[in-house]
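Visitor: I would like to go through this entry and ask what stands behind each label.
Guide: Go ahead; each answer will set a value against its definition.

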Amino acid sequence: MSGERDYGVLDEVNIDKIQFGLEHAFTPLYGSSAYFSEAGIESKCYILGTDYWNNHAQYESVIDASKKQRKKEQTSLVKKSWLTTLYVCDYCFKYTNDQHAFQEHMEFCEYQEKLSGKTKYLSPKYTIRRIKCYKHRVFAQCLSLFTKLLLDNKSTFFNLDHYEFYLLYETGKNKPMGFFSKDLYSFEKNNLGTILVFPPYQRRGLGTLLIEFSYKLSNFENCMSGPEKPLSPFGTALYVKYWSRVICKEILKLATTHSTIQVQTIVELTKFRSEDIALALKFMESLYEHSNSNGSFSFGVSVDAISEWATKNNVCNFQPLVKDEYLLLEY
Ligand SMILES: CC(=O)SCCNC(=O)CCNC(=O)[C@H](O)C(C)(C)COP(=O)(O)OP(=O)(O)OC[C@H]1O[C@@H](n2cnc3c(N)ncnc32)[C@H](O)[C@@H]1OP(=O)(O)O
């Protein structure tokens, strides 16, 4: 979801803490002005959303609080963030700076009871559901705003109508653990726009699961594909590890019958883009240049380097997380 790369992005984190649902809290990685409306140049007060703008009483109290805050800032000379705590519902991603309103919302959020969209993957452990953003505009917008706190180089939060979101749940539960977006009009035919695993659920293999699923989607559409670029540093770590494991397994299988291995063969087998394959091969230190008899150069793949990487990274024990029998892509 690139395009408005700089919109709402700040140089500094401007919210101290995100209370994410009732159980989790974390510090945002990036600042965002997109959650706020500027109440007035003179007041230099930032307020949350348009509801505050329309509600004069609350607006006044925010102004007062801000004046007091600024007085404090002037005396202490300490740089203050715009907000101490942003409360975000971990079912529907609506947000507020009012703890009481948040607690009330958490009692009645309708998303606790209902799951939107269509099930596209249903295994005993995980469920992936697709929502069409034009049908769920507020949900999509709130989730995109939330994404901006953890990812600065991508994600837009308006004009989302031509996106689909794929949300990941534990089967039988209604709280999403992560998602990825897909641009239906992607010129490059990317199978994934933005991926986010929510902080409480990271490093459990869920990012890998979502990526595997995104390739199942593009394979179903019979196209070679990959993620939208640029990747964030975490996105790069995730993808390179994933590509490397898959490529490594394919090369070790091929090496039993082939003496040389071409990148094109790996493209055909994996449906990964050649530049992504090259990145993974470089990461595994297995790409080398050799000169041909006509004086030109081409790239070769060192099976020895691949075997070494496979042993170090225990690739033999790596099994795909997405199982074909649980895919529901036809309808
Ligand atoms: C196309 C794009 O959208 S690029 C943007 C990617 N998204 C972001 O940067 C948003 C913030 N980050 C996140 O949401 C998450 O950290 C993600 C999506 C990048 C990764 O999700 P996770 O569920 O944590 O990934 P997962 O558990 O599958 O990790 C697989 C491997 O990726 C690598 N990896 C994942 N996260 C990290 C990290 N923070 N630091 C280093 N390596 C990492 C590791 O090799 C990891 O394997 P290991 O845990 O066995 O060491």
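Visitor: What makes residues 50-59 a stretch to treat with care?
Guide: This is a predicted model, and pLDDT, the predictor's confidence in each residue from 0 to 100, stays under 50 over residues 50-59. The model has 14 contacts there beyond four places in sequence, a contact being heavy atoms within 4.5 Å. Where pLDDT is low, the predicted coordinates should not be read in detail. Residues 40-44 also stay under 50, with four such contacts.

Visitor: Where in the protein is confidence lowest, and where is it highest?
Guide: Helix 1 (residues 49-54) has the lowest mean, 45, and strand 10 (residues 126-132) the highest, 98. Helices (H or I, at least four residues) and strands (E, at least two) are DSSP runs numbered from the N terminus. The protein has nine helices and 15 strands. Its mean pLDDT is 86, and 83% of its residues reach 70 or more. The model scores are ipTM 0.98 and pTM 0.88.

Visitor: Which rules decide what gets reported?
Guide: Residues are numbered from 1 along each chain as its sequence is written, and side-chain values use heavy atoms, with hydrogens and water left out. In this predicted model local features need pLDDT of at least 70 and side-chain atom pairs count only at pLDDT 80 or more, while totals for chains, interfaces and linings use all residues.

Visitor: How do you know that strand 2 and strand 3 pair?
Guide: Two strands pair if DSSP finds at least two bridges between them. Strand 2 (residues 15-20) and strand 3 have three bridges, in the antiparallel sense, so they meet the definition. Phe20 has His24 of strand 3 as its bridge partner, and Ile18 stands opposite Phe26 in strand 3. The hairpin of these strands has three residues between them, and Gly21 takes a positive phi near 65° there.

Visitor: Why is Glu228 called buried?
Guide: Buried means under 20% relative accessible area, exposed over 50%, and partly exposed in between (1.4 Å probe, protein chains only). Glu228 has 10% relative accessibility, so it counts as buried. Cys223, at 16%, is buried as well, and so is Cys89, at 0%. Of the 331 residues of the protein, 47% count as buried.

Visitor: What does UniProt place at Glu228?
Guide: The feature "active site", from an unreviewed entry. UniProt positions are given in the numbering used here, feature names are shortened, and annotations may be inferred rather than shown by experiment. Glu228 lies in the loop between helix 5 (206-220) and helix 6 (233-254). Pro230 is found in that loop too, and the peptide bond from Lys229 to Pro230 is cis, with omega near 5°.

Visitor: What makes Arg203 exposed rather than buried?
Guide: Its relative accessibility is 86%, so Arg203 counts as exposed. Arg203 lies in the loop between strand 13 (195-197) and helix 5, and its phi is near 60°, a positive value in a residue other than glycine.
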